[in-house]
Structures are given as C-alpha cells and as structure tokens.
Amino acid sequence: MPRWLPRAVILVLALYACFQLGSWAFHQLIGLLISILIAFFLALAIEPAVARMAARGMRRGLATFVVFLGVFAATAGFVVLLGSMLAGQIVDMVGGFPGYLDSVIRWINETLHTKLSRLEIQDSLLHSDWLQKYVQNSATGVLDVSATVLGGLFKLLTIGLFSFYFAADGPRLRRALCSVLPPAKQSEVLRAWEIAVAKTGGYLYSRGLMALISGVAHYIVFVILKVPYAPALAVWVGLVSQFIPTIGTYLAGALPMLIAFPHSPWYALYVLGFVVVYQQFENYVLQPKLTARTVDIHPAVAFGSVIAGTALLGAVGALIAIPAVATLQAFLGAYVKRYELTERAAGAAPAATSAGRSRRGRLPGPR
C-alpha cells in the first residue's frame, strides 16, 4: 500500500464530512439567511432618508428610529382602518345572509320547479358528517395556527432588528468590509453599495408611484359606482397590487368585489372589469415607462427576474429580484467595454427593413 493512500482516504472522508456538515448547517439556517437578505434590502431602501437626516445634523441611530417609526405608524394605521372596515362589512354580510339565501332558494324553486326551504337546508348542513369533521379538524389545528402566527411575528421582529442595525451602522459596516480589502477593491465595493442603494430606492419609488396612480384611478371608479369605504379600498388596491408579487393583483381586486357584491352583483362585475382593464394598462403602458426611468431594466428582463426569484426564494425572491438584477446590471455595465458601431452595422437593420418594405410595396409588372 502506498504511504499516501491512508492520508488521502482520511482527507476525502474529512472533506465529505465537512461538506455534509456545511449542507446541514445551511439548510438549518436558510430561514435566518433569507431574513438577513430581506433586512439588507430594507436597509438599502431607507438609506437615502436616513442619510438625508444625518446630513442635517441628526444622529444616524435616531434618524433610523424616526424612519422606522413613521413606517410602523403608517402600516398600523392602514391595518386598523382596513380591519375596522372588514369587520363592519362582515357583520353586515352575516346579518343579511338569510335574505341572500332566501333569494337564491326562491330563484332555484322558480327556475327548476323545486320545493326547497331554508330550514331544511340549514338542518341538513348542521347534521352533516363533513361539517362535524371540519369542526374537529379546526379544533385540532388551533395550535398549529398559533405556532405559525408566533413564528411569523418572530421573523418580522428579526427582520426589523437586522434592518435597523444595517441602516443605523451603514457607514461602520462599509468601513469594516473595506478594511479587509485592498485599495483597488475598496472603490469597487463602495461603487456597488451606492448602485444598490440607488436601484433599490428607484424600485421602491416606481412602485410607490404606481401604487399612487392605481389608488387614485380605483378611487374614482369606486366613487362613481358608490362602493362603500372607497378611500380605504383605493389604498388597499394600490398597495397590495404593487408590493405583493404574483398574487397581489388578485387579492387587491377580490376585496372591492366582496364589498360591492352585497349592494349589487353588477357593481362587483364592474369592479372586476375595471381591475382587469387597468392591470393590462399598467403592465403594457405604465410599468415599462416608470421602470425604465427609475430602475433602467428591460420589461422582459424584469419579468424573467421575477419568475427566477420566485422559483428560488418564493415571494421574497419575487420582491427583491428586480432591484437585485438592476444592481447587478448597473454594476457590470460599469466594467463592460462598449464600442462604437460601424456604418455597416448601424445601417444594416434599417436598410434591410426599407428593402423589405420596398419589395412588399412594389406591384408585379407585366412579363
């Protein structure tokens, strides 16, 4: 046996054990790593406001606390207003449910010539097996729901603390990163950091502007249709449709339809039609222009980055995909050397297009 073979076997086994240990640790800490990533992007988003306050003489920690307090107050006010609106609407719907059920049963009896009654339907539902099983499963799932809620609150607290530290100690964190790099690399890190702050802020600015436009447009329609709670519903549609990826549009449109349905089913259909039409206008007209001005990324690249982010990290990846890709694109663009087009390359496409048009437009002559 060669002398190096036992050492090589031990080395391979040690490397394999380290790989397994690292893989296990990564899977155990994936939730914490995602929370840190979200916190980092939140810190980048509030960096311009914190830096502006710090430039006016306010301490950076106090400026970060003021920004967080303003965001928390706005979020809490929106949630309280929306919760009170939903509670009142649910009470009204529950109170009017017997009348809705009577009207549906009356329509069924007149159309199908049946003899259904509300009391018989209620008795059959109350004594059904599936209802009893549903109640039992709901009772056993209370603990799971409570654990999920507590886990979500803990994750939000973790994200808030990390984002506060990242924003409050931003300059110190940059100095700590640059202190372990050579001078040539330090400028690249600082440039990447500045680009990330600009692109993340631009992305949130574009989303906020689109949320404002969407809210105003839906508010006008809700007022015309006399939908209750028009201001709160407009804010709901604007925020949810822009800041919740993939399913945000459907959640945003479902609530106004639910509010408008008890007053008139036709109003609910009108709301649905406007939501669909406005979504198409936003996707093909409004969003490409605003995204090109603030994030400077092609709509196809933005769409592909959202799909890739959703596949990798779910809703979190879809939310941070566009600013991350815009940052990477801007950072690589600073190092990619570009050349001027030659006359042949610059005029090739227009010449081919004009030649094709002339051939299509020419009528066949006599032979």
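Is Phe-164 buried or partly exposed? The model in the viewer is predicted.

**Stop 1: helix H2**

Select residues 30-55, which form helix H2, a run of 26 residues. From its first C-alpha to its last, H2 reaches 36 Å, close to the 38 Å expected at 1.5 Å a residue. Move along the helix to Glu-47, where there is a kink of about 45°. Several residues of H2 are buried, including Ser-35, Ile-38, Phe-41, Leu-44, Glu-47 and Val-50. Beyond the helix, select Gly-57, which follows H2 and has a positive phi, near 105°.

**Stop 2: aromatic rings**

A search of the whole structure finds eight aromatic pairs. For one of them, display the side chains of Phe-40 and Phe-41: the ring centres are 6.1 Å apart and the planes stand at 80°, so the pair is edge-to-face. Phe-40 has a relative accessible area of 26% and is therefore partly exposed. Phe-41 has 14% relative accessibility, so this residue counts as buried.

Next, select Phe-164 and Tyr-165, an edge-to-face pair with 6.1 Å from centre to centre and 70° between the planes. Here the opening question is answered: Phe-164 counts as partly exposed because its relative accessibility is 24%, and the limit for a buried residue is under 20%. Tyr-165, at 48%, is partly exposed as well.

**Stop 3: helix H9**

Select residues 230-243, which make up helix H9. Its 14 residues should span 20 Å at 1.5 Å a residue, and the end C-alpha atoms are 20 Å apart, so the two values agree. H9 is mostly covered, with ten of its 14 residues buried. Among them are Ala-230, Leu-233, Trp-236, Val-237 and Gln-242.

**Stop 4: the nonpolar cores**

Which residues have the most contacts inside the largest nonpolar core? They are Phe-222, Val-227, Leu-233, Trp-236 and Val-271, in a core of 16 residues. Helices H8 (183-225), H9, H10 (248-260) and H11 (265-294) each supply at least two residues of this core. H9 gives the most, with five residues.

Now centre the view on Phe-222. Leaving aside residues up to four places away in sequence, Phe-222 touches Val-227, Ala-230, Leu-233, Ala-234, Val-237, Pro-256 and Val-271. Another core, of six residues, lies apart from the largest one. To find this other core, select Ala-43, Ala-63, Val-67 and Ala-167, which are among its members.

Definitions and conventions:
Residues numbered from 1 in each chain as written. Heavy atoms only, no water. Helix = DSSP H or I, 4+ residues; strand = E, 2+ residues; numbered from the N terminus. Expected span 1.5 Å × (residues − 1). Bend = angle between axes of the 7 residues up to and from the residue. Buried < 20%, exposed > 50% of the residue type's maximum accessible area, 1.4 Å probe, protein only. Core = buried A, V, L, I, M, F, W, Y, C linked by side-chain atoms within 4.5 Å. Contact = heavy atoms within 4.5 Å. Phe/Tyr/Trp six-rings, centres within 6.5 Å; stacked < 30°, edge-to-face > 60°.
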